[in-house]
Amino acid sequence: MMVERTWIETLARKVGDVIREDGTRAKHVSEKMSISDLVTESDVKVEKMIRSAISTAFPDHKFFGEETTHEELTDDPTWVVDPIDGTSNFVHTFPLHSVSIAYCERKVPVIGVIYVPCRDEMFSAERGKGSFLNGKQISVTKRQVLQECIVSTGFHVGFLKKLRTLKQTKGENDETVKRLSQLRNVIYQNTEWLLENAQDIRRTGACSVDMCYVACGRLDAFAEIGPHEWDFAAGKIIVEEAGGFIKGFGRDFDLGNREVIVANTNEIAELLSSNLLPSPLDISEF
């Protein structure tokens, strides 16, 4: 069986219906890294549904999901999945959360699907075939002056909450507290730079939604330290097929790079990449 974008869209819509229905009910919520890094029963249930469908249709493929399995990314056909990106939004019934599914070959996304169930918006792309929103082709904006651009960002609140907790329990002189304080300062400096140099900034709380909004022209750029592979794998191909560009902070981007810059033009991407500070530590340790 060949992997087809329409098959993934059907799967995303099926689990999106579950997410939408679960959103109206009381939720059992657990913390992961901090009070701002949440997981619900729906996250786990939806990921199991997606994995079951994929393993049945493509038993030889690997699976890389946020909540259940992190198999190492290899050159083998691999599915990278975030069952609910924006779990905090989901918990609070804020409508910007999504299911994100990417099919990758040789560590490169070749098909990406992101479904925003509360808005019934299906973003999808396939390598060399363009990007689409509910079946209509989309493209990025062409603004080349940052002062005319709306840029979305994130503050990696999970790290900041963890820092606060560690300061309360271990004190200012703890080595981990010192290192996380350096990361906090970089996040603050980057946010200040964006505030001063962009027309305005936004924060949706869902990396995949930010990337789709750049792809369809609702945003001009997005930059954040901290997202994981499952947050941006599908979004990467959706942005690129819409004509956008992806960079790291001061370097090229790959799926293992937890610093992501997404922009409408190469000029804006390069400008952000050369001015935003990278993380001063290996955030995969936390």
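What follows is a conversation about the labels given to parts of this predicted model.

Trainee: Into which domains is the chain divided, and how far apart are their centres?

Mentor: The division gives domain 1, covering 5-137, and domain 2, covering 146-275, and the centres of domain 1 and domain 2, taken over C-alpha atoms, are separated by 20 Å. To the contact between them domain 1 gives 42 residues and domain 2 gives 29 residues. About 2600 Å² is buried between domain 1 and domain 2, with 68% of that area on carbon and sulfur atoms.

Trainee: How many salt bridges and how many residue pairs in polar contact does the rule find across the interface of domain 1 and domain 2?

Mentor: The rule finds 3 salt bridges across the interface of domain 1 and domain 2, and it also finds 11 residue pairs in polar contact there, both residues being at pLDDT 80 or more. On the side of domain 1 that touches domain 2, the elements giving two or more residues include strand S3 (62-65), strand S5 (98-105) and strand S6 (108-116), and the largest share, 7 residues, comes from S6. By residue class, that side of domain 1 divides into 20 nonpolar, 13 polar and 9 charged.

Trainee: What makes Arg-127 and Glu-241 a salt bridge?

Mentor: The closest N and O atoms of Arg-127 and Glu-241 are 3.8 Å apart, and the rule asks for a side-chain nitrogen of Lys or Arg within 4 Å of a carboxyl oxygen of Asp or Glu, so the pair of Arg-127 and Glu-241 is called a salt bridge.

Trainee: Why are Lys-45 and Asp-22 also called a salt bridge, and where do the two residues lie?

Mentor: The N to O distance between the side chains of Lys-45 and Asp-22 is 2.9 Å, which has to be set against the cut-off of 4 Å, and therefore the label applies. The pair links distant parts of the chain, since Lys-45 lies in helix H2 (residues 41-57) and Asp-22 in helix H1 (residues 5-22), 23 residues apart.

Trainee: What makes Asp-210 a buried residue, and which residues does Asp-210 touch?

Mentor: Asp-210 is at 2% relative accessibility, and because buried means under 20%, Asp-210 counts as buried. Asp-210 is found in helix H6 (residues 207-215), where 9 of the 9 residues are buried. Not counting residues up to four places away in sequence, Asp-210 touches Ser-152, Thr-204, Leu-219 and Phe-222.

Trainee: Why is the phi of Arg-106 worth a remark?

Mentor: Most residues other than glycine have a negative phi. Phi of Arg-106, in contrast, is near 55°, a positive value in a residue other than glycine. Arg-106 is found in the loop between S5 and S6 and has a relative accessible area of 60%, so with exposed meaning over 50% it is called exposed. Asp-120 likewise has a positive phi, of about 50°, although it is not a glycine; Asp-120 lies in the loop between S6 and S7 and, at 38% relative accessibility, counts as partly exposed.

Terms used. Residues are numbered from 1 along each chain as its sequence is written. This is a predicted model: local features need pLDDT of at least 70, side-chain atom pairs count only at pLDDT 80 or more; totals for chains, interfaces and linings use all residues. Side-chain values use heavy atoms; hydrogens and water are left out. Domain bounds come from an automatic or database domain assignment. Contact means heavy atoms within 4.5 Å. Buried area is the accessible area (1.4 Å probe) that two parts lose on being put together, summed over both. A polar contact is a pair of N or O atoms within 3.5 Å; within protein, one must be able to donate a hydrogen and the other to accept it, and residues adjacent in sequence count only if both atoms are side-chain atoms. Helices (H or I, at least four residues) and strands (E, at least two) are DSSP runs, numbered from the N terminus. Ala, Val, Leu, Ile, Met, Phe, Trp, Tyr, Cys and Pro count as nonpolar, Asp, Glu, Lys and Arg as charged, and the others, Gly among them, as polar. Buried means under 20% relative accessible area, exposed over 50%, partly exposed in between (1.4 Å probe, protein chains only).
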